[in-house]
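Here are some short notes for a first look at this structure. Please keep the 3D view open while reading.

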Amino acid sequence: MAKQQDTKKLFENLSGAGKSIGVLTSGGDAQGMNAAVRAVVRMGIYVGAKVYFIHEGYQGMVDGGDNIEEASWESVSSMLQVGGTVIGSARCKEFRSHEGRLKAAHQLVLRGITNLCVIGGDGSLTGANLFREEWSGLLEELVRQGLIDEEAAQNNSELHIVGMVGSIDNDFCGTDMTIGTDSALHRIIEVVDAIMTTAQSHQRTFVLEVMGRHCGYLALVSALACGADWVLIPEMPPEDGWEEHMCQKLSENRADKKRLNIIIVAEGAIDCHNKPITTNHIKELVVSCLGFDTRVTILGHVQRGGTPSAFDRILASRMGVEAVLALLEASDSTPACVVSLCGNQAVRLPLMECVQMTQDVQKSMDDKNFEEAVRLRGRSFENNLNTYKLLSYHKADSELPNSSFNVAVLNVGAPAAGMNAAVRSAVRVGIKEGHKMFAVNDGFEGFYKGQIKEITWGDVAGWTGQGGSILGTKRTLPAKHLDKIAEQIRIHNINALLVIGGFEAFECLLQLYEARTSHEDFCIPMCVLPATISNNVPGTDLSIGADTSLNAIVETCDRIKQSASGTKRRVFIIETMGGYCGYLASVGGLAAGADTVYIYEEPFNIRDLQSNVEHLTEKMKTGIQRGLVLRNENSNENFTTDFIYQLYSEEGKGVFDCRKNVLGHMQQGGAPSPFDRNFGTKIAAKAIQWISRKLKESYKDGKVFANTEDTACLLGMRRRTMAFQPVEQLKDETDFAHRIPKEQWWLKLHPLMKILAKYKTSYDVSDSGQLEPVTRVRPKKAD
């Protein structure tokens, strides 16, 4: 409790009273910029500061006038779901000159703005830093010219700058994801999925060009997410003779009964002599070498457009709040910083170190030092590249090793989007490691019935984009069928087990681990990959499937809110899935801009409901037209969705009317999002490599024997790292009655949603980022 009061004090100390914050978007637009602007405005107003929109980027700052206007709480209402940037962005030549920056400084001093939040790419952020360095000189000049007096110069003597990176290319070093990248991937994958159906019909080859003049992130990740046959990116130019190599692979894939080929090219793709590789060149190559019917599609600005994904809205909202905290804590001695994400953790990094590193990447590429370029790009890029290399197999490359081990893969629990991508990745990496891979149908029910058969490289082709579970999945736990399962392990000589599923998968592995004392057959390496839309598995911050589900919720909430546009004021009560875990409701609420969220983890009573209704009524009396209330299905057995709907309907009479929606199973279906495909692919590859290591360690006297607790693990994402944790140790972290972990990281985001919905609440800032050097974030060798 003491710690909590301590942090409360800390947050209340961060007052913005008397401060003015300017927020601008600059450079190329990116989806999610509006969510960042909204978070900066609302958090700024919340701490008592004045916040100003600076329209049209730096151009608006130079021109002043109506371009700089004070923002109110309502002025950022309903912009969360809008793509691009509402306050406008422009590339400004004038700001690059000293005169331009002098004008801009004058405009800011007139309004007393000494805190700037800049959302843009590395060019925009470099400009902001230069502006800050010149600030005192610019003020002196303005005093000399008689444009401001000494007192104004004194009152505005320090300029603080915090950057957020908004760029769909994800080309900024030091951050895992930039605002807009995930949405751009959504656009690319939607197009690829659509193209695949037509390509399949005609047995065509498609060459797709995606954005990324200097950075291949979009091309690389979309190639991973759709299982492309070939990818060309600036950081990894193909060696001489690649044309022949590529054509050989395309024809091998056709021989394997694959009816289509997809080749993804980044617009900045080059060969090892730094010569550009164009889509037309590739098309001519495929046609002349193989005679395949080939088409080119250039995605262009489609990738920048559209509504931001759930991930980008959450990222931008978290970053926006973090940016305001960083501005309040800034002093004249702290360097300009950029707020960013490392793993699942908000961090602050020195702006110029990141910019320097970003420029070093280009320098390394110009010097043809491509390995160094990839290393500087950061661990997220490096992991993606290594996984892509793992999954691209060439018959001509080499003979595969032969390990003589058999590894079985199965799905357990409810289906989650991304499960199939994980199975595909596991099967292919396993085959590459030399194992024989076996697929089990229908979870442990199929296991004890003997529904186990070998699965080959070609069997899993095209699985990444499929929703649900192709292997079939059941909730059956193994405890009642241990003898039969042990018998099947003997019959098929299974040496290791990979279980992909939700809370049940974790329970299954616990049961098998505990049965090792009575059944020696279970003394084999076993691993669980968390895959459930509820995100309620202990030992991991994120599960495969949760991102797809969040997107379904957010998309539906957007539509539902829009359904009432033009009618009178309306409040929607929406019920989400998740069992007792409030993740979908809480994080979905943050992404959809909910007014209130009811979850089991935060008990509420009738007085809370009453104050929520009153709070919403007050808001509806201003310019706000629509309200959104999310309720997790098991948040309270008596305050049901119907009860809350009736309460709001009665209490809101004369101010607003109500509608209710139960979202149901639409949260579980659909094609997996790029994040889930990628996450599933990467963690399955990592799990198989771990299984291979454990098999080697536990192989003695011609058989596998693994009975230590570190041979039955769950692979999860913990803040910044992926960690293998013994299921036995996770028992203490688990509330088995409610099927949730005892501690959940996302509860820290819950107050964030409240602040953005105009509630007074205490926000735990102990978790906010501390300024840290860039190099420490990126160890040279990522495991």
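Is the crossing of α5 and α12 left-handed or right-handed? The points below take up this helix pair, then one glutamate. Bear in mind that this is a predicted model.

1. Handedness. The crossing of α5 and α12 is left-handed. Helix α5 covers residues 122-144, and helix α12 covers residues 351-366.

2. Geometry. Two packed helices are described by the angle between their axes and the distance between the axes. For α5 and α12, the angle is about 135° and the axes lie 10 Å apart. The two helices are therefore oblique to each other, because an angle has to be over 145 degrees to count as roughly antiparallel.

3. Residues at the helix contact. From α5 come D122, L125, T126 and N129. They meet L351, M352, V355 and T358 of α12. By class, this contact has four nonpolar, three polar and one charged residues.

4. Setting of E575. Now look at strand β18, residues 570-576, where E575 is found. Is E575 buried or exposed? Its relative accessible area is 17%. Buried means under 20%, so E575 is buried.

5. Neighbours of E575. Leaving aside residues up to four places away in sequence, E575 touches R631, E633, T641, N661, V662, L663 and Q667. With T641 there is also a polar contact, side chain to side chain, at 2.6 Å.

6. Sequence against space. Compare E575 with T640. They are 65 residues apart in sequence. Their C-alpha atoms are 9.5 Å apart in space.

Methods:
Residues are numbered from 1 along each chain as its sequence is written. This is a predicted model: local features need pLDDT of at least 70, side-chain atom pairs count only at pLDDT 80 or more; totals for chains, interfaces and linings use all residues. Side-chain values use heavy atoms; hydrogens and water are left out. Helices (H or I, at least four residues) and strands (E, at least two) are DSSP runs, numbered from the N terminus. Buried means under 20% relative accessible area, exposed over 50%, partly exposed in between (1.4 Å probe, protein chains only). Contact means heavy atoms within 4.5 Å. A polar contact is a pair of N or O atoms within 3.5 Å; within protein, one must be able to donate a hydrogen and the other to accept it, and residues adjacent in sequence count only if both atoms are side-chain atoms. Axes are lines fitted to C-alpha atoms, for helices over the stretch in contact, and angles run from 0 to 180 degrees between N-to-C directions. Angles under 35 degrees count as roughly parallel, over 145 as roughly antiparallel, 65 to 115 as roughly perpendicular and the rest as oblique. A crossing is left-handed if the near helix is turned anticlockwise from the far one by less than a right angle, and right-handed if clockwise. Ala, Val, Leu, Ile, Met, Phe, Trp, Tyr, Cys and Pro count as nonpolar, Asp, Glu, Lys and Arg as charged, and the others, Gly among them, as polar.
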